[in-house]
Amino acid sequence: MFASEIARFRKLGVQGLLFQALNFLTVVASGLMMWKGLCLFTNSESPIVVVLSGSMEPAFYRGDILFLTNPADVPYEVGDITVYKIPGGDIPIVHRVIESHVTNTTQLLLTKGDNNDGDDIMLYGGIQWLERKHIIGKVRGFLPYVGYVTIAMNDFPQLKYALLGVVGLFLLIQKEQ
């Protein structure tokens with residue numbers, strides 16, 4: 001099945017294989033640099049997130065991709081849809097600001113999912129209000145349902161490894177023109 005590719009690898013030699021590996025690393029490094037550049041541009045640790053639950057329906061559905069910004073000097077307003085991460089939590093939560101209290105130095109926020117009955121105080125892990133340091137960003141746009149690929153890869157890890165293997169294989173066996 002892969003006899004011709006194996007023969008081509010032998011024909012490439014060590015220098016050719018190293019060149020293919022370098023091409024692969026260049027693609028990976030370029031993707032990481034673009035991600036970090038986007039993080040700097042948007043002032044957000046995660047400028048793109050996927051909605052994982054139905055707590056914001058009908059505004060956003062499971063699988064929607066959200067684009068975030070986190071303007072440094074602009075306070076959040078009641079009605080803004082924010083993404084936050086609580087201390088000790090690793091999954092960002094997408095909910096709407098329902099209360100905001102601004103003092104001289106800080107802004108305190110209370111959030112709630114549009115599809116939830118109550119506010120998020122129970123989700124905050126012991127704190128009463130969200131502070132600016134908990135906020136990842138404000139939703140600026142979205143693509144509906146495109147994030148289902150991410151959800152599928154998280155639900156079925158074998159799919160993720162198979163997809164990465166196929167992409168890696170294609171990068172290694174690509175023919176130079």
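Predicted model: local features only at pLDDT ≥ 70, side-chain atom pairs only at ≥ 80, totals over all residues.
Residues are numbered from 1 along each chain as its sequence is written. Local features need pLDDT of at least 70 and side-chain atom pairs count only at pLDDT 80 or more, while totals for chains, interfaces and linings use all residues, and side-chain values use heavy atoms, with hydrogens and water left out.

Within the sheet, strand 3 (residues 81–84) is joined to strand 4 (residues 93–102) by four bridges and to strand 6 (residues 135–143) by three bridges, running antiparallel in the latter pair as in the former. Tyr84 stands opposite Ile93 in strand 4 and opposite Ile135 in strand 6. Ile81 and Val83 point one way from strand 3, whereas Thr82 and Tyr84 point the other way, and all are buried (under 20% relative accessible area, with a 1.4 Å probe and protein chains only). Strand 4 also pairs with strand 5 in the antiparallel sense, over six bridges, and Arg96 has Lys112 in strand 5 as its bridge partner.

The domain assignment, which is automatic or from a database, gives domain 1 (1–42) and domain 2 (48–148), whose C-alpha centres lie 37 Å apart. An unreviewed UniProt entry lists residues 12–35 as "transmembrane region", an annotation of a kind that may be inferred rather than shown by experiment. This span is 100% helix and 0% strand, and its end C-alpha atoms lie 33 Å apart; helices are DSSP runs of H or I with at least four residues.

The largest pocket has a volume of about 770 Å³. A pocket is an open set of points on a 1 Å grid with protein on both sides within 12 Å along at least five of seven lines, and lining residues have an atom within 4 Å of a point; the volume is the space filled by probe spheres set on the points. Of the 23 lining residues, Trp35, Ile48, Val50, Thr150 and Asn154 are the closest to the centre of the largest pocket. Helix 1 (3–42), strand 1, strand 4 and helix 2 (148–155) each supply at least two residues of this lining, to which helix 1 gives the most, with five residues.

Notes. Buried < 20%, exposed > 50% of the residue type's maximum accessible area, 1.4 Å probe, protein only. Pairing = 2+ DSSP bridges. 1 Å grid on protein atoms, 1.4 Å probe; cavity = no way out; pocket = protein on both sides within 12 Å on 5 of 7 lines; lining within 4 Å.
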